[in-house]
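Colleague: I'd like to go through a model with you, feature by feature. Can you show me how to read each one?

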Amino acid sequence: MVTRFEHAYVLDVMSDDHPGIVAAVSRAIEQLGGNIDACSQTVLSGYFTLIMIVSFPEPIEPDTLAQTVSKADTTGRGYQVLVRRALPPECFVSKPECDRFVITAFGKDQPGIVRRFSEYLAGKDINIVDLYGDHSGGDFVLIGQLEVPKHWDIRMLQADLEQMGQELGFTVKLQHENVFVATNQLRLYGSSTAGHPSHASHR
């Protein structure tokens with residue numbers, strides 16, 4: 001973890017989604033003299049969540065930072081804010097050499113889907129670095145970005161995941177991140193250019 005200043009903190013913000021949250025939070029950090037070193041934000045079913053690594057030239061109490069960010073909300077809807085001191089790099093357990101893969105799973109919605117897949121991955125020491133799941137019309141889609149240790153046989157993992165998918169009535173695919181990105185870019189390009197007069201008529 002690289003930070004601009006010496007004293008780093010992890011900042012979590014949750015709220016119902018509306019415009020201006022990132023602006024308000026980043027303004028509060030800047031007013032305290034801090035810097036945003038890394039951030040990730042998403043919206044899920046109308047709820048907003050943001051995680052940031054922020055650093056300061058001087059130490060600041062986590063409660064002070066949390067209260068300042070919480071007061072930055074001018075809509076009256078309120079932010080839920082959690083702050084903790086960031087651990088130095090030496091506190092993190094070193095990871096084995098990994099490749100990035102993407103797992104996609106699709107099938108009928110039912111309890112236990114995320115648990116089954118995540119338990120299998122955890123048992124193989126495979127880290128989930130990003131995860132998306134949603135259901136629509138009785139079906140459930142799960143997409144995860146994984147760090148897979150290089151010592152694993154990908155064909156074995158694919159076979160295990162396909163077997164689990166069959167038990168759940170799911171179609172499961174495990175692809176290297178580069179293959180997944182290239183394949184979906186080609187699909188996106190093809191769907192937007194080839195044989196679709198409706199796209200051309202609006203250009």
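**Reading the model**

Modeller: Let's start with D125, which sits in the loop between α3 and β6 (127-136). Keep in mind that this is a predicted model.

Colleague: What is the phi of D125 near, and is the residue buried or exposed?

Modeller: Phi of D125 is near 60°, a positive value in a residue other than glycine. With a relative accessibility of 53%, D125 counts as exposed, because the cut-off for exposed is over 50%.

Colleague: Which loop holds S45, and what is its phi near?

Modeller: Look at the loop between β2 (35-44) and β3 (47-56); S45 is found there. Its phi is near 50°, again positive in a residue other than glycine. S45 counts as exposed too, at 65% relative accessibility.

Colleague: Now the helices. How do I read the packing of α3 and α4?

Modeller: Two packed helices are described by the angle between their axes and by the distance between those axes. Here, helix α3 (residues 113-123) and helix α4 (residues 154-168) pack at an angle of about 160°, and their axes are 11 Å apart. That makes α3 roughly antiparallel to α4, since angles over 145 degrees count that way.

Colleague: Is the crossing of α3 and α4 left-handed or right-handed?

Modeller: The crossing of these two helices is right-handed.

Colleague: And which residues make the contact?

Modeller: From α3 you have R116, F117 and Y120. On the α4 side, L157, D160, L161, M164, E167 and L168 take part. Sorted by class, the contact of α3 with α4 has six nonpolar and three charged residues, with no polar ones.

Colleague: While we're on α4, what about Q166?

Modeller: Q166 lies in helix α4 and is exposed, with a relative accessible area of 59%.

Colleague: Last topic, the cysteines. How many disulfides does a search of the whole structure find?

Modeller: First the general idea: a disulfide is a covalent bond between the sulfur atoms of two cysteines. A search of the whole structure finds zero of them.

Colleague: Then where do C39 and C98 stand, exposed or partly exposed?

Modeller: C39 is exposed, with a relative accessible area of 54%, whereas C98 is partly exposed, at 27%.

Technical notes
Residues numbered from 1 in each chain as written. Predicted model: local features only at pLDDT ≥ 70, side-chain atom pairs only at ≥ 80, totals over all residues. Heavy atoms only, no water. Axes fitted to C-alpha atoms, helices over the stretch in contact; angles between N-to-C directions. Helix = DSSP H or I, 4+ residues; strand = E, 2+ residues; numbered from the N terminus. Parallel < 35°, antiparallel > 145°, perpendicular 65-115°, else oblique. Left-handed = near helix turned anticlockwise from the far one by under 90°. Contact = heavy atoms within 4.5 Å. Nonpolar A, V, L, I, M, F, W, Y, C, P; charged D, E, K, R; others polar. Disulfide = S-S within 2.5 Å. Buried < 20%, exposed > 50% of the residue type's maximum accessible area, 1.4 Å probe, protein only.
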